[in-house]
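Q: I have a protein model open and would like to go through it piece by piece. Can we start with how helix axes are drawn, then look at the parts?

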Amino acid sequence: MRKLSLAIICLLCIISCTETKKDKKTKNQGAMAHSVGKINELSVVIENDLWKSNVGDTIRKYLGAEVPGLPQQEPLFSMRQMPMAAFSGLARKNRTFLWIKKGKGEERKYGVLNNKFATPQLGVVISGSSDADIISLIREHQETIVSRFKSTETLEKQSRIQKSLEKIPQLKEKLGITLKIPTAYRIAIEEEDFFWIRKDLTNGSMNLMLYELPLGIVTKDSNTVSSIIKMRDSIGAIKIPTSEVGHFITEEAYAPYLYETTLDGRFTFETKGTWEIKDRFMAGPFVNYAIEDKVNNRLVVLEGFVFAPSINKRDNMFELEAIMKSIKFE
């Protein structure tokens, strides 16, 4: 009997220890802090002397480059430089960071850290024993670095939008698509194959246009930009109400930027530029996505544009892009 009691006690101790270890493991896994930081804010961990050198100039050239399609100069990222000694505590919780390591014996290397100090978090680490090593690595990987940071920020923006969504079932019923749109937006115009959705700002507005056209109206050739301008100008002139003077058109003085991408697995033309209403001194940035929906033999067009005189518009446009990139075809 005494042996049986002892065996039971030992078994309970083993079970208790196992559960304690599991609890500790679970607790540790869930203990990682949530990342912090404003959208498009990037921490650059680099010693002060390097930041003031050609290395810093190279970082600013690529990560502080001008956002295409905006009427005024605004950088891709708002960078906050700090030396390694300051990269601790809350500073390590920033959602994105670029870490430059230079020292004798440092391997020439480009690397990525996912959720190293917080979640979600993306860190890019570049190391080398000389300025030349580091500069060459930045140049080699600058497109990938910008793309990955932008993707991280888009997902974060969409996550924030997800917390308070406006329900617009008509998009699915009439256009066969869904979008994650914040509750701050409202429908300004709704038709069978056209929607204008707006968000009011203190001195202006943020806008979304959604519509469909026959497939083939925009072709992949030397006239692509011209056909996109013609398409959006004709729609804008008809659908966006203005006074009797002027129409909502692509600004004639500057050629838009054209890119190729995919949205929800479909080939897409991405066009960035500025719009204007002639003779009314009204203008602003736009981004247009022309998505090939071959299954339904149509072109689905999403466009975001901002009217906000005298203020920066990078983050407004980024929000509109994040919304449009959430598109799903039903």
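A: Axes are lines fitted to C-alpha atoms, for helices over the stretch in contact, and angles run from 0 to 180 degrees between N-to-C directions. Contact means heavy atoms within 4.5 Å. Helices (H or I, at least four residues) and strands (E, at least two) are DSSP runs, numbered from the N terminus.

Q: What kind of model is this, and how are residues numbered?
A: The model is predicted: local features need pLDDT of at least 70, side-chain atom pairs count only at pLDDT 80 or more, and totals for chains, interfaces and linings use all residues. Residues are numbered from 1 along each chain as its sequence is written, and side-chain values use heavy atoms, with hydrogens and water left out.

Q: OK, how many helices and strands?
A: The protein chain has 7 helices and 15 strands.

Q: And what share of the residues is buried?
A: Of the 330 residues in the protein chain, 44% are buried. Buried means under 20% relative accessible area, exposed over 50%, and partly exposed in between (1.4 Å probe, protein chains only).

Q: What share of the contacts links residues 24 or more positions apart?
A: Among contacts in the protein chain with a separation of 6 or more, 61% are of that kind.

Q: Back to axes. At what angle do α3 and α4 cross?
A: They cross at roughly 10°, and their axes come within 10 Å. The two helices are therefore roughly parallel to each other; angles under 35 degrees count as roughly parallel, over 145 as roughly antiparallel, 65 to 115 as roughly perpendicular and the rest as oblique.

Q: Which residues meet there?
A: From α3 there are Asn54, Val55, Thr58, Ile59, Tyr62 and Leu63, and they meet Asp131, Ile134, Ile135, Ile138, Arg139, Gln142, Ile145 and Val146 of α4. By class, the residues of this contact divide into 9 nonpolar, 3 polar and 2 charged. Ala, Val, Leu, Ile, Met, Phe, Trp, Tyr, Cys and Pro count as nonpolar, Asp, Glu, Lys and Arg as charged, and the others, Gly among them, as polar.

Q: Which residues of α3 are buried?
A: In α3, residues 54-63, the buried ones are Val55, Gly56, Thr58, Ile59, Tyr62 and Leu63. Seen down the axis of α3, they fall within an arc of 160°, so they line one face of the helix. That arc is taken from the directions from the helix axis to the C-beta atoms. Asn54 and Lys61 are exposed on the other side of α3.

Q: What covers that buried face?
A: The cover includes β1 (41-45), α2 (48-51), β2 (78-82), β3 (96-102) and α4 (131-162).

Q: Gly56 is in that list. What does it touch?
A: Leaving aside neighbours within four places in sequence, Gly56 is in contact with Leu50 and Trp51. Gly56 has 0% relative accessibility.

Q: New topic: where is Phe87, and is it buried or exposed?
A: Phe87 lies in the loop between β2 and β3. Its relative accessibility is 1%, so Phe87 counts as buried. Not counting residues up to four places away in sequence, Phe87 touches Val45, Met82, Arg92, Phe97, Trp99 and Phe117.

Q: Last one: how does α4 pack with α7?
A: α4 and α7 (residues 314-324) pack at an angle of about 80°, with their axes 9 Å apart. They are therefore roughly perpendicular to each other. Their contact has 4 nonpolar, 2 polar and 4 charged residues.
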